[in-house]
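Thanks for making the time, everyone.

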Amino acid sequence: MSAENTCPYCHNSIASESIKCPYCGKALKYDVSENILNVQIEVYSKAIERNPQNPDLYLKRARALHSLNNNDMALKDAQKALALYQDVYNTAGISRAVIVIENITGEKYFHKNKKSE
Ligand SMILES: [Zn+2]
């Protein structure tokens, strides 16, 4: 992601953190939601530091990362959540994690468990 953005209204170059275009004064909705997602990711990251075994937090962060098109990290979080749900046999959680993984990859997810270890 670049540090520069283009205003969709006047097409001037503006900083990606801008909430409002300094040239035409229009509010930049997409940058606002991007900021919110970044704040959410920070909050989830801090919560994960305190509760590293809570799969819900990884899944929430995965959704936020996916919304920012950060799909590599989103997939890692979703897979971590899936593994934690599997550890406690949380079938509802497993289903949610699989849906998130499928949204990120755009493919059907097949369980690769039950292999000899
Ligand atoms: Zn503008």
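Axes here are lines fitted to C-alpha atoms, for helices over the stretch in contact, and angles run from 0 to 180 degrees between N-to-C directions. Helices, for their part, are DSSP runs of H or I with at least four residues, numbered from the N terminus. This is a predicted model, in which local features need pLDDT of at least 70 and side-chain atom pairs count only at pLDDT 80 or more, while totals for chains, interfaces and linings use all residues. Residues are numbered from 1 along each chain as its sequence is written.

With that in place, α2 and α4 pack at an angle of about 20°, their axes being 11 Å apart. That makes α2 roughly parallel to α4, given that angles under 35 degrees count as roughly parallel and those over 145 as roughly antiparallel, with 65 to 115 roughly perpendicular and the rest oblique. On the α2 side the contact (C-beta atoms, placed from the backbone, within 7 Å) is made by Pro55, Leu59, Ala62, Arg63 and His66, and on the α4 side by Gly93, Arg96, Ala97, Val100, Asn103 and Ile104. Leaving aside residues up to four places away in sequence, Val100 touches Leu59, Ala62, Arg63 and Ala78.

How do α2 and α3 cross? Their axes come within 8 Å, at roughly 160°, and α2 and α3 are therefore roughly antiparallel to each other. The contact includes Tyr58, Leu59 and Ala62 of α2, and Ala74, Ala78 and Ala81 of α3.

Note on methods: Two residues are in contact if their C-beta atoms, placed from the backbone, lie within 7 Å. Helices (H or I, at least four residues) and strands (E, at least two) are DSSP runs, numbered from the N terminus.
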